[in-house]
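Trainee: I would like a close look at one residue in this model and at the parts of the chain around it. Please keep it to what the coordinates give.

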Amino acid sequence: MPLRNEKSTEEVARGIRARVFEHTIRNNGGYLSQACSAAEQLAFLYNEALNLGPSTMPMVPPPFSGVPSAANPLYRTGAGYNGPFDAVHDRLFIAPAHYALVAYACLIEVGRMAPEGLEMFNRDGSSVEMIGAEHSPGMEVHNGTLGIGLSTAAGLAWGRRRLGHTGRVCVFMSDGEVQEGQTWEAVQAAAHHGIDNLWALMDVNRQQCDGAMDDVMTVGDIATKLRDFGAVVAECDAHDLAALRAAAATPHPGRPLIVLAHSRPTQGMESLMSRFPRLHYVRFKSEEERARMNAEIAAELGVPPVPLETH
């Protein structure tokens, strides 16, 4: 059975949003909209959906130790925060590396990383990268090139099945990745080879770096296209945990499952609508805006405003 945490999944999701909000206010910038859209999804994966063993990594992330090489035998990926690489436990790929801040907040909320780890975020020499790399907490591989996560996970799932492993492989991904051809090749290959120990949870927030997805490159009916490529598809409200549970339980013998979790990039922080559709990375334009957002979003989240340094 998966490890169970003292917090409920709802509490973990609330904690993710509050932690990312605090970090963003303190640092005058952060991935707030990703916390809005994905908090329930990551909380669901870590807190109940996945069969993850205990972390094998230090609570406070070690500094970056250099790239893998024969001369660096102690190199470890950040995937150890998700548990051991054994036959029975699940493996998790976090494909959109820019969600790293949200993933780190989730690791803290479920007790896999110390809060001090977030203080190392984006610091020189730190493994707690702004854009998660393979040495960053919770990261199995480097997914900075958006679109490679599903195919990498499919390869691992195929290999695990041949080895007789019972653990499944899950990919957390974003809808922007369907603009990449490699994603569709991965779905097609997984269906062809019957890789049904693979499933994905896709954050469908219809936003990307340069604005709304439909303004950058329309992707059309994702569900129909995924089915045409051979996947079993379930759809749900990303912020409804009961719906998430039901969608993730969809049978998919002989084929991969992709859950389309339709989300809102301002869920829980409606004040961000004043920045719509430029929500990818929120950096405040003035101290006045920062103070206003601090007060308004804190009220929405039900937490105190973040104390700010005065000069």
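Trainee: Is tyrosine 99 buried or exposed, and what is its relative accessible area?

Mentor: Tyrosine 99 is buried, at a relative accessible area of 2%. Here buried stands for under 20% relative accessible area, exposed for over 50%, and partly exposed for what lies in between, with a 1.4 Å probe and protein chains only. The model is a predicted one: local features need pLDDT of at least 70, side-chain atom pairs count only at pLDDT 80 or more, and totals for chains, interfaces and linings use all residues. Residues are numbered from 1 along each chain as its sequence is written, and side-chain values use heavy atoms, with hydrogens and water left out.

Next, the ring of this residue. A pair of aromatic rings is described by the distance of the centres and the angle of the planes. Rings of Phe, Tyr and Trp (its six-membered ring) pair if their centres lie within 6.5 Å; planes under 30 degrees apart are called stacked, those over 60 edge-to-face, and the rest tilted. That rule gives four aromatic pairs. One of them is edge-to-face and joins tyrosine 99 to phenylalanine 172, with 5.4 Å from centre to centre and 70 degrees between the planes. The two residues are 73 apart and belong to distant parts of the chain: tyrosine 99 is in the loop between strand E1 (91-94) and helix H3 (100-109), phenylalanine 172 in strand E2 (residues 169-174). Helices (H or I, at least four residues) and strands (E, at least two) are DSSP runs, numbered from the N terminus. Phenylalanine 172 has 0% relative accessibility and therefore counts as buried.

Tryptophan 184 is in helix H5 (residues 181-192) and phenylalanine 229 in the loop between helix H7 (222-228) and strand E6 (232-237), so parts 45 residues apart in sequence are tied together. Tryptophan 184 counts as buried at 10% relative accessibility, whereas phenylalanine 229, at 31%, counts as partly exposed.

E1 and E2 run parallel and are paired over four bridges; strands pair if DSSP finds at least two bridges between them. Arginine 91 has valine 169 of E2 as its bridge partner. E1 is covered on both faces: Arg91 and Phe93 are buried on one side, Leu92 and Ile94 on the other. Arginine 91 also lies over the face of phenylalanine 85, 4.1 Å from the ring centre. A charge sits over a ring if NZ of Lys or CZ of Arg is within 6 Å of the ring centre and within 35 degrees of the ring normal.

Proline 61 belongs to the loop between helix H2 (32-49) and E1. Proline 61 is buried too, with a relative accessible area of 3%. Contact means heavy atoms within 4.5 Å; neighbours within four places in sequence aside, the contacts of proline 61 include Tyr81, Met113, Gly117 and Met120. Its C-alpha atom is 7.5 Å from that of methionine 113, 52 residues apart along the chain.

Further along, E6 and strand E7 (residues 257-262) run parallel, joined by six bridges. In this pairing valine 233 stands opposite isoleucine 258 of E7. E6, helix H8 (residues 241-248) and E7 form a right-handed β-α-β unit. Right-handed says that, with the strands pointing away from the viewer, the path from the first strand over the helix to the second runs clockwise. In the loop between E7 and helix H9 (287-301) sits proline 277, joined to phenylalanine 276 by a cis peptide bond with omega of about 0 degrees.

Asparagine 122, in the loop between H3 and helix H4 (149-163), has a positive phi, near 60 degrees, as a residue other than glycine. Asparagine 122 is partly exposed, with a relative accessible area of 44%.

Last, the cysteines. The structure has zero disulfides, a disulfide being a pair of cysteine sulfur atoms within 2.5 Å. The nearest cysteine sulfur to that of cysteine 36 is in cysteine 106, 15 Å away. For cysteine 106 the closest cysteine sulfur is in cysteine 170, at 12 Å, which is too far for a bond. Cysteine 36 is buried at 0% relative accessible area, and cysteine 106 is buried at 0%.
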